[in-house]
Amino acid sequence: MQPILELDAVTKSFGGLRVTSGVSFSIEKGSISAIIGPNGAGKTTLFNQITGYLNPDHGRIVFEGEDITRLSTREIVARGMGRAFQVTSFFPEETVLDNIRVACLSRLNMTRKTMKSVSEFTDATDKAFSILESLGLDKQADRQAFELAHGDQKLLDIGIALGLEPKMLLLDEPTSGMSPEERLLTRNLIQKLWKEFNLTLLFIEHDMDTVFGIAQTVRVLQMGRLLAEGSPEEIRRNPEVITAYLGEEVL
Ligand SMILES: Nc1ncnc2c1ncn2[C@@H]1O[C@H](COP(=O)(O)OP(=O)(O)OP(=O)(O)O)[C@@H](O)[C@H]1O
Ligand SMILES: [Mg+2]
(Lines give C-alpha, C1' and ligand atoms only; values in the text may rest on other atoms or scores of the structure.)
(Ligands and ions follow the chains in the order given, each with its own letter.)
Protein backbone atom coordinates (compact mmCIF):
# COMPACT_ATOMS: atom_id res chain seq x y z
CA MET A 1 0.00 0.00 0.00
CA GLN A 2 1.19 3.50 -0.83
CA PRO A 3 -0.23 5.78 1.85
CA ILE A 4 -1.11 9.39 1.02
CA LEU A 5 -2.27 10.27 4.55
CA GLU A 6 -1.14 8.75 7.84
CA LEU A 7 -2.55 9.53 11.27
CA ASP A 8 -0.58 8.41 14.31
CA ALA A 9 -2.29 8.60 17.72
CA VAL A 10 -4.06 11.89 16.93
CA THR A 11 -5.54 13.23 20.15
CA LYS A 12 -7.54 16.38 20.93
CA SER A 13 -9.43 17.48 24.04
CA PHE A 14 -11.82 20.36 24.59
CA GLY A 15 -11.70 21.16 28.30
CA GLY A 16 -11.91 17.76 29.96
CA LEU A 17 -13.54 16.07 26.97
CA ARG A 18 -11.34 13.92 24.71
CA VAL A 19 -12.89 14.45 21.32
CA THR A 20 -10.35 12.43 19.34
CA SER A 21 -8.39 9.88 21.26
CA GLY A 22 -5.31 8.14 19.87
CA VAL A 23 -6.70 7.87 16.35
CA SER A 24 -4.33 6.05 13.96
CA PHE A 25 -4.96 4.95 10.39
CA SER A 26 -3.48 5.17 6.91
CA ILE A 27 -5.28 6.11 3.72
CA GLU A 28 -4.13 4.50 0.48
CA LYS A 29 -3.36 6.82 -2.41
CA GLY A 30 -6.18 6.78 -4.94
CA SER A 31 -8.69 5.11 -2.61
CA ILE A 32 -12.24 6.12 -1.70
CA SER A 33 -13.18 5.51 1.92
CA ALA A 34 -15.60 6.61 4.62
CA ILE A 35 -15.69 7.59 8.27
CA ILE A 36 -18.92 6.83 10.11
CA GLY A 37 -20.06 7.07 13.70
CA PRO A 38 -22.67 8.56 16.02
CA ASN A 39 -23.27 12.31 16.36
CA GLY A 40 -20.52 13.87 18.45
CA ALA A 41 -18.10 10.98 17.80
CA GLY A 42 -15.39 13.43 16.72
CA LYS A 43 -15.56 12.99 12.95
CA THR A 44 -15.63 16.68 12.00
CA THR A 45 -13.04 17.45 14.68
CA LEU A 46 -10.76 14.89 13.06
CA PHE A 47 -11.18 16.61 9.66
CA ASN A 48 -10.44 19.96 11.36
CA GLN A 49 -7.13 18.57 12.60
CA ILE A 50 -6.19 17.02 9.24
CA THR A 51 -6.85 20.35 7.52
CA GLY A 52 -5.09 22.56 10.07
CA TYR A 53 -8.17 24.30 11.52
CA LEU A 54 -7.25 22.73 14.84
CA ASN A 55 -3.92 21.53 16.20
CA PRO A 56 -3.89 18.09 17.80
CA ASP A 57 -2.73 18.00 21.44
CA HIS A 58 -0.72 14.87 20.66
CA GLY A 59 0.01 12.70 17.66
CA ARG A 60 1.17 13.17 14.14
CA ILE A 61 -0.42 13.71 10.72
CA VAL A 62 1.66 12.93 7.63
CA PHE A 63 0.56 13.87 4.11
CA GLU A 64 2.58 12.48 1.19
CA GLY A 65 5.45 11.69 3.52
CA GLU A 66 5.57 15.17 5.05
CA ASP A 67 4.63 15.99 8.64
CA ILE A 68 1.74 18.50 8.38
CA THR A 69 0.65 18.32 12.02
CA ARG A 70 1.52 21.92 12.82
CA LEU A 71 1.07 23.52 9.39
CA SER A 72 -1.59 26.15 8.72
CA THR A 73 -4.69 25.42 6.66
CA ARG A 74 -3.25 27.50 3.85
CA GLU A 75 -0.02 25.50 3.80
CA ILE A 76 -1.93 22.22 3.88
CA VAL A 77 -4.24 23.29 1.03
CA ALA A 78 -1.20 24.35 -1.01
CA ARG A 79 0.14 20.79 -0.65
CA GLY A 80 -3.01 19.36 -2.22
CA MET A 81 -5.53 18.72 0.57
CA GLY A 82 -9.07 19.86 -0.28
CA ARG A 83 -12.17 19.96 1.84
CA ALA A 84 -15.91 20.55 1.59
CA PHE A 85 -17.72 21.41 4.81
CA GLN A 86 -20.62 19.92 6.78
CA VAL A 87 -22.12 23.42 6.71
CA THR A 88 -21.65 24.96 3.25
CA SER A 89 -19.11 27.78 3.01
CA PHE A 90 -19.35 29.73 -0.26
CA PHE A 91 -19.86 33.44 -0.96
CA PRO A 92 -23.68 33.63 -1.12
CA GLU A 93 -23.94 36.93 -3.04
CA GLU A 94 -21.42 35.94 -5.72
CA THR A 95 -22.35 33.90 -8.76
CA VAL A 96 -21.86 30.17 -8.91
CA LEU A 97 -19.15 30.66 -11.53
CA ASP A 98 -17.31 33.32 -9.51
CA ASN A 99 -17.26 31.15 -6.41
CA ILE A 100 -15.38 28.44 -8.29
CA ARG A 101 -13.30 30.88 -10.36
CA VAL A 102 -11.90 32.46 -7.19
CA ALA A 103 -10.71 29.04 -6.07
CA CYS A 104 -9.16 28.37 -9.51
CA LEU A 105 -7.38 31.74 -9.47
CA SER A 106 -6.12 31.12 -6.00
CA ARG A 107 -4.61 27.80 -7.13
CA LEU A 108 -2.98 29.48 -10.13
CA ASN A 109 -1.46 32.06 -7.79
CA MET A 110 -0.12 29.31 -5.57
CA THR A 111 1.60 27.50 -8.43
CA ARG A 112 2.62 30.16 -10.95
CA LYS A 113 3.61 32.97 -8.62
CA THR A 114 2.94 35.51 -11.38
CA MET A 115 0.99 38.74 -11.37
CA LYS A 116 -2.70 38.46 -12.21
CA SER A 117 -3.11 38.67 -15.98
CA VAL A 118 -5.85 38.38 -18.54
CA SER A 119 -4.67 34.92 -19.59
CA GLU A 120 -4.72 33.75 -16.01
CA PHE A 121 -8.32 34.96 -15.68
CA THR A 122 -9.27 33.14 -18.90
CA ASP A 123 -7.60 29.93 -17.73
CA ALA A 124 -9.43 30.15 -14.41
CA THR A 125 -12.75 30.76 -16.18
CA ASP A 126 -12.27 27.74 -18.45
CA LYS A 127 -11.33 25.57 -15.54
CA ALA A 128 -14.28 26.77 -13.45
CA PHE A 129 -16.66 25.99 -16.31
CA SER A 130 -15.29 22.50 -16.76
CA ILE A 131 -15.75 21.86 -13.01
CA LEU A 132 -19.34 23.18 -13.23
CA GLU A 133 -19.96 20.78 -16.12
CA SER A 134 -18.58 17.85 -14.13
CA LEU A 135 -20.94 18.78 -11.30
CA GLY A 136 -23.92 19.36 -13.62
CA LEU A 137 -24.13 22.98 -12.41
CA ASP A 138 -23.09 24.69 -15.69
CA LYS A 139 -26.64 25.83 -16.49
CA GLN A 140 -26.69 27.70 -13.18
CA ALA A 141 -23.30 29.40 -13.60
CA ASP A 142 -24.67 32.95 -13.52
CA ARG A 143 -27.05 32.56 -10.60
CA GLN A 144 -26.11 33.93 -7.21
CA ALA A 145 -25.00 31.08 -4.98
CA PHE A 146 -27.70 31.65 -2.36
CA GLU A 147 -30.37 31.06 -5.03
CA LEU A 148 -29.31 27.43 -5.54
CA ALA A 149 -31.29 24.56 -4.07
CA HIS A 150 -29.73 23.03 -0.97
CA GLY A 151 -28.41 19.98 -2.83
CA ASP A 152 -26.77 22.17 -5.48
CA GLN A 153 -25.19 24.35 -2.76
CA LYS A 154 -23.54 21.21 -1.37
CA LEU A 155 -22.20 20.48 -4.87
CA LEU A 156 -20.94 24.05 -5.21
CA ASP A 157 -18.91 23.57 -2.05
CA ILE A 158 -17.32 20.49 -3.61
CA GLY A 159 -16.67 22.53 -6.78
CA ILE A 160 -14.81 25.18 -4.81
CA ALA A 161 -12.64 22.49 -3.26
CA LEU A 162 -11.97 21.03 -6.74
CA GLY A 163 -10.95 24.49 -8.00
CA LEU A 164 -7.95 24.26 -5.69
CA GLU A 165 -6.83 21.08 -7.52
CA PRO A 166 -6.62 18.76 -4.55
CA LYS A 167 -4.88 15.42 -4.64
CA MET A 168 -6.94 14.36 -1.67
CA LEU A 169 -10.49 15.55 -0.98
CA LEU A 170 -12.31 15.38 2.35
CA LEU A 171 -16.11 15.63 2.22
CA ASP A 172 -18.05 16.16 5.46
CA GLU A 173 -21.55 14.70 5.04
CA PRO A 174 -21.92 15.41 1.32
CA THR A 175 -25.51 14.10 1.19
CA SER A 176 -26.87 15.64 4.41
CA GLY A 177 -30.25 17.35 4.07
CA MET A 178 -30.87 15.79 0.64
CA SER A 179 -33.88 13.82 -0.54
CA PRO A 180 -33.34 10.09 -1.26
CA GLU A 181 -33.30 10.85 -5.01
CA GLU A 182 -30.71 13.61 -4.59
CA ARG A 183 -28.63 11.34 -2.37
CA LEU A 184 -28.49 8.68 -5.06
CA LEU A 185 -27.43 11.25 -7.67
CA THR A 186 -24.79 12.68 -5.34
CA ARG A 187 -23.45 9.25 -4.47
CA ASN A 188 -22.95 8.50 -8.18
CA LEU A 189 -21.47 11.95 -8.73
CA ILE A 190 -18.92 11.51 -5.91
CA GLN A 191 -17.80 8.24 -7.43
CA LYS A 192 -17.53 9.89 -10.85
CA LEU A 193 -15.50 12.85 -9.49
CA TRP A 194 -13.20 10.48 -7.63
CA LYS A 195 -12.28 8.82 -10.93
CA GLU A 196 -12.37 11.88 -13.19
CA PHE A 197 -10.11 14.01 -10.96
CA ASN A 198 -7.83 11.13 -9.84
CA LEU A 199 -8.58 11.88 -6.23
CA THR A 200 -7.99 10.15 -2.98
CA LEU A 201 -11.39 10.66 -1.41
CA LEU A 202 -12.33 10.44 2.26
CA PHE A 203 -15.89 11.22 3.29
CA ILE A 204 -17.89 11.42 6.50
CA GLU A 205 -21.45 10.26 6.03
CA HIS A 206 -24.55 9.16 7.95
CA ASP A 207 -26.29 7.77 4.88
CA MET A 208 -25.39 4.07 4.93
CA ASP A 209 -26.48 3.47 1.32
CA THR A 210 -23.82 5.99 0.26
CA VAL A 211 -21.21 4.54 2.62
CA PHE A 212 -21.73 0.90 1.71
CA GLY A 213 -22.38 1.77 -1.92
CA ILE A 214 -19.10 3.50 -2.77
CA ALA A 215 -16.52 3.20 0.04
CA GLN A 216 -13.72 0.66 -0.37
CA THR A 217 -12.84 0.94 3.32
CA VAL A 218 -15.00 2.10 6.24
CA ARG A 219 -13.69 3.46 9.54
CA VAL A 220 -15.91 3.80 12.59
CA LEU A 221 -15.34 6.48 15.21
CA GLN A 222 -17.03 6.23 18.57
CA MET A 223 -16.42 8.66 21.42
CA GLY A 224 -13.26 9.86 19.73
CA ARG A 225 -11.76 6.40 19.25
CA LEU A 226 -11.32 4.32 16.13
CA LEU A 227 -13.66 1.45 16.94
CA ALA A 228 -13.20 -0.49 13.70
CA GLU A 229 -11.73 -0.35 10.22
CA GLY A 230 -12.43 -2.71 7.35
CA SER A 231 -14.22 -3.49 4.12
CA PRO A 232 -17.93 -2.60 3.94
CA GLU A 233 -18.78 -6.29 4.48
CA GLU A 234 -16.54 -6.57 7.54
CA ILE A 235 -17.98 -3.40 9.05
CA ARG A 236 -21.58 -4.44 8.38
CA ARG A 237 -21.01 -7.69 10.27
CA ASN A 238 -18.88 -6.30 13.13
CA PRO A 239 -20.90 -6.87 16.35
CA GLU A 240 -19.29 -3.88 18.14
CA VAL A 241 -20.15 -1.57 15.26
CA ILE A 242 -23.72 -2.84 15.14
CA THR A 243 -24.10 -2.19 18.87
CA ALA A 244 -22.44 1.23 18.77
CA TYR A 245 -23.97 2.64 15.64
CA LEU A 246 -25.52 0.57 12.90
CA GLY A 247 -28.27 -1.18 14.86
CA GLU A 248 -30.02 -4.05 13.14
CA GLU A 249 -31.54 -2.32 10.15
CA VAL A 250 -28.60 -2.48 7.75
CA LEU A 251 -27.87 -6.19 8.26
N1 LIG B 1 -14.62 24.03 19.16
C2 LIG B 1 -15.15 23.18 20.05
N3 LIG B 1 -15.14 23.47 21.37
C4 LIG B 1 -15.65 22.61 22.28
N5 LIG B 1 -16.22 21.42 21.98
C6 LIG B 1 -16.28 21.10 20.68
C7 LIG B 1 -15.76 21.95 19.64
N8 LIG B 1 -15.96 21.34 18.45
C9 LIG B 1 -16.57 20.17 18.72
N10 LIG B 1 -16.76 20.02 20.04
C11 LIG B 1 -17.35 18.84 20.71
O12 LIG B 1 -16.61 17.72 20.26
C13 LIG B 1 -17.45 16.59 20.11
C14 LIG B 1 -17.28 16.04 18.71
O15 LIG B 1 -17.82 16.95 17.77
P16 LIG B 1 -17.75 16.70 16.22
O17 LIG B 1 -18.38 17.87 15.58
O18 LIG B 1 -16.36 16.36 15.81
O19 LIG B 1 -18.68 15.41 16.04
P20 LIG B 1 -19.16 14.66 14.72
O21 LIG B 1 -18.73 13.25 14.85
O22 LIG B 1 -18.73 15.41 13.51
O23 LIG B 1 -20.75 14.73 14.88
P24 LIG B 1 -21.92 14.91 13.78
O25 LIG B 1 -22.15 13.54 13.20
O26 LIG B 1 -23.10 15.35 14.58
O27 LIG B 1 -21.48 15.93 12.78
C28 LIG B 1 -18.86 17.05 20.44
O29 LIG B 1 -19.12 16.70 21.78
C30 LIG B 1 -18.77 18.55 20.26
O31 LIG B 1 -19.72 19.19 21.08
MG1 LIG C 1 -19.69 16.45 12.05
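How many positive and how many negative side chains does the protein chain have, and how far apart do the centres of the two sets lie?

1. **Charges.** The protein chain carries 27 positive and 35 negative side chains, and the centres of the two sets lie 4 Å apart. In this count Lys and Arg are positive and Asp and Glu are negative, while His and the chain ends are not counted. Each charge is placed at NZ of Lys, CZ of Arg, CG of Asp or CD of Glu.

2. **Basis of the model.** The model is predicted: local features need pLDDT of at least 70, side-chain atom pairs count only at pLDDT 80 or more, and totals for chains, interfaces and linings use all residues. Residues are numbered from 1 along each chain as its sequence is written, chains are lettered from A and ligands numbered from 1 in the order in which they are written, and side-chain values use heavy atoms, with hydrogens and water left out.

3. **Overall form.** The radius of gyration of the protein chain is 18 Å, which agrees with the value near 18 Å for a compact globule of 251 residues. This radius is taken over C-alpha atoms, and the globule rule is 2.2 Å times the number of residues to the power 0.38. Along the principal axes, the C-alpha atoms fill a box of roughly 55 × 40 × 35 Å.

4. **Surface and contacts.** Of the 251 residues, 51% count as buried (buried means under 20% relative accessible area, exposed over 50%, partly exposed in between, with a 1.4 Å probe and protein chains only). The accessible surface comes to about 11,600 Å², of which 51% belongs to carbon and sulfur atoms; areas come from the Shrake-Rupley method with a 1.4 Å probe, and for residues only the protein chains shown count as cover. Among contacts (heavy atoms within 4.5 Å) between residues at least 6 apart in sequence, 66% join residues at least 24 apart.

5. **Helices and strands.** The protein chain has 9 helices and 10 strands. These are DSSP runs numbered from the N terminus: helices are H or I with at least four residues, and strands are E with at least two. In helix 1 (residues 43-50), 7 of the 8 residues are buried, so this helix is largely enclosed by the rest of the structure. Phe47 and Ile50 are among the buried residues. Just after helix 1, Gly52 takes a positive phi of about 80°.

6. Four strands form an open sheet in the order 2-1-4-5, with antiparallel pairing. Strand 2 (17-28) and strand 5 (66-67) stand at the edges with a single partner strand each, so one side of each is left without a neighbour in the sheet. Two strands pair if DSSP finds at least two bridges between them; strand 4 (residues 58-63) and strand 5 are joined by 2 bridges, and Val62 has Asp67 as its bridge partner.

7. **Strand 1.** Leu5 lies in strand 1 (residues 3-14) and is buried, with a relative accessible area of 0%. Beyond its neighbours within four places in sequence, Leu5 has contacts that include Phe25, Ile50, Phe63 and Met168. Ala9, also found in strand 1, has a positive phi of about 55° although it is not a glycine. Ala9 is partly exposed, at 29% relative accessibility.

8. **Strands 3, 9 and 10.** Strand 3 (residues 32-36) runs parallel to strand 9 (residues 217-222), joined by 4 bridges; Ile36 stands opposite Val220. Strand 9 pairs with strand 10 (residues 225-230) in the antiparallel sense over 5 bridges, with Leu221 opposite Leu226. The two form a hairpin with 2 residues between them, and Met223 in the turn has a positive phi of about 45°. Met223 is exposed, with a relative accessible area of 68%.
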